[in-house]
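Let us walk through one structure, step by step. Keep the sequence and the model side by side as you read.

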Amino acid sequence: MQFHHHGYVSGDPRIQPAAGVGLDRPDELPDEVDVLIVGSGPAGMIAAAQLSQFPEVTTRIVERREGRLPIGQADGIQARSVETFQAFGFAGRIAEEAYRITEMCFWHPDRTDPSRIVRGERPADDPGGISEFPHLIVNQARVLDYFAEYMASSPSRMVPDYGYEFEGLVRYGDHVDVTLRRAGQVKVVRAKYVLGADGARSRVRASIGCTMAGNAAFHAWGVMDVLAVTDFPDIRLKCAIQSGTGGSILLIPREGGHLFRMYVDLGEVDPDGHHEVRSTTIEQIVARAQAILHPYTLDVRDVAWHSVYEVGHRLTDRFDDVRVEERGTRTPRVFIAGDACHTHSAKAGQGMNVSMQDGFNLAWKLGYVLTGRSPESLLATYSAERQAVAQNLIDFDKEWSTLMATPPEELGDPGALADFYVRTTEFLFGFMTQYPPSMIVAEPVHQALATGFPVGKRFKSVPVVRVADANPLHLGHQHRADGRWRVYAFADEDASLLSTWAEWMAGAPDSPLSQGVVDLKAVYQQRHVDVDLAAVPEPFLPRTGPFQLVDYENVFATHPDDDIFELRGVDRGGCVVVVRPDQYVAAVLPLDATDALAAFFRQHLRVPERVAQA
């Protein structure tokens, strides 16, 4: 972390200097804003957190609750989400308080006595080393707390506006009027853009005519967070428990060492039962869990939270207010994200994670459009990219939840559930997303130059050594959620092509470096002791702050135990890897393809005035 470039800092370096709207932020919700976010769940809060790094943009997030969420329903944190938390600066702190999943146990009916359960498979949670980040369990409320802290410490000094109920909106050509109610008083806010992150019963979704399509599985589950005494030996391990007496349990140990969550199978429900199963009491859920755990006992001492839900899989027809017949004729003004777009079972632990990636995907794009860096057409990529991801989630969850609810005798192979879990780890960890070519994802024409950085997928980090201070670290972990693009220049063996490329980046009028939104990094093939910082081209040693201090932290060498060129299939002739602000690889290009690099950025970045006049 760098924080002395504007002068000596003696306080908390995570608190950034106030700027823009943060210099005189009004306590009361203003009548006009650039972005109004409705709902302070995971999708809304990560979007607000990202937009808080754009102090030129007036962003407000309204929430109908009167204060912070005390306890949330979601708790599973994918490795991809932890990777995202790293960009927001709190991955390490949240990991310290979270429960870490390292194994998963699968329990089956005893073949000699089906009334009893016995332990079966016990696979590692990440047997293939998909990610260096852990798979965590932590309450959704704490995730929101960390995003709230990040927002409050940002240049924008953003905080949620609590107690506002969304009532409706009216769209105009260049703005949206949003009607809110607070303490019986009506307030109309004029916003350039609106994000509805207001949950499965989203009023914002209804106001723009989006429809949810899908079906119910007519299967119910009781879920409870409890403190209990039990002789079940794997109570502190994630478990899928299938009993011979009927029913199953997904056991999720919670943070704090004592609390655990159980998703308890309540069986099939009558399609015409008018949701009567939702009246199932906590005593009935506990009794069902006790029967499934036989011969082990479960003595529940305290219930922190419980609920009953019926499995359903639904997806909206679009993620913004542009109807199919309007596409190409106008840009969106209203967006929806998270549960407002996709609903499914909770047992795969995907909801909060996918919702956060919705918000992350959209927020930086709004920031670029509102600061004049990108054309409005950039905003159409949000629905195009995220709807496909949500469909994949629905398809996956249908298969997983069906397997979980299938009686063991009907599965045939007792290990079918464990096998599916292991085979789908990359999806469960959040790393299967691959965005198709668009104005911000290039065609993978030169993919062979860096086979381990697939275009459209998230940038998979590798250990490197920082040349200036000999520190071993992960290259991808240096990516901050500051709204900037990352351009990684992998040097050729003698760095001659790199030098020529850097000269173009520094001086060419159509260089993306002239836009002021690119964080440039060099990766050399040699060991750090063999890289001469004095010979490194100036663009990789930028001047920063009012004192024009040299930033030495953008030059890297290979790690002695993990050669990034070998591990990620990077051509020894060098190449350029372009990464979006939300950490997805946007392009792979040769070092001598400067025209192609300039053309790629021209698709989505405004051409500077001096270039336009050239």
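Contact here means heavy atoms within 4.5 Å. This is a predicted model, where local features need pLDDT of at least 70 and side-chain atom pairs count only at pLDDT 80 or more, while totals for chains, interfaces and linings use all residues. Residues are numbered from 1 along each chain as its sequence is written, and side-chain values use heavy atoms, leaving out hydrogens and water. Helices (H or I, at least four residues) and strands (E, at least two) are DSSP runs, numbered from the N terminus.

Start with two helices. In α1, Pro42, Met45, Ile46, Ala48 and Ala49 meet Gln140, Leu144, Phe147, Ala148, Tyr150 and Met151 of α4. Sorted by class, this contact has ten nonpolar residues, one polar and no charged ones. Here Ala, Val, Leu, Ile, Met, Phe, Trp, Tyr, Cys and Pro count as nonpolar, Asp, Glu, Lys and Arg as charged, and the others, Gly among them, as polar.

Now turn to the strands. They pair through backbone hydrogen bonds, either parallel or antiparallel. Two strands count as paired if DSSP finds at least two bridges between them. Three bridges link β4 to β7 (residues 135-137). Isoleucine 101 stands opposite histidine 135 in β7.

Finally, look at β25 (residues 555-558). Strand β19 (residues 463-466) joins β25 by three antiparallel bridges. Strand β22 (residues 518-523) pairs with β25 in the parallel sense, over two bridges.
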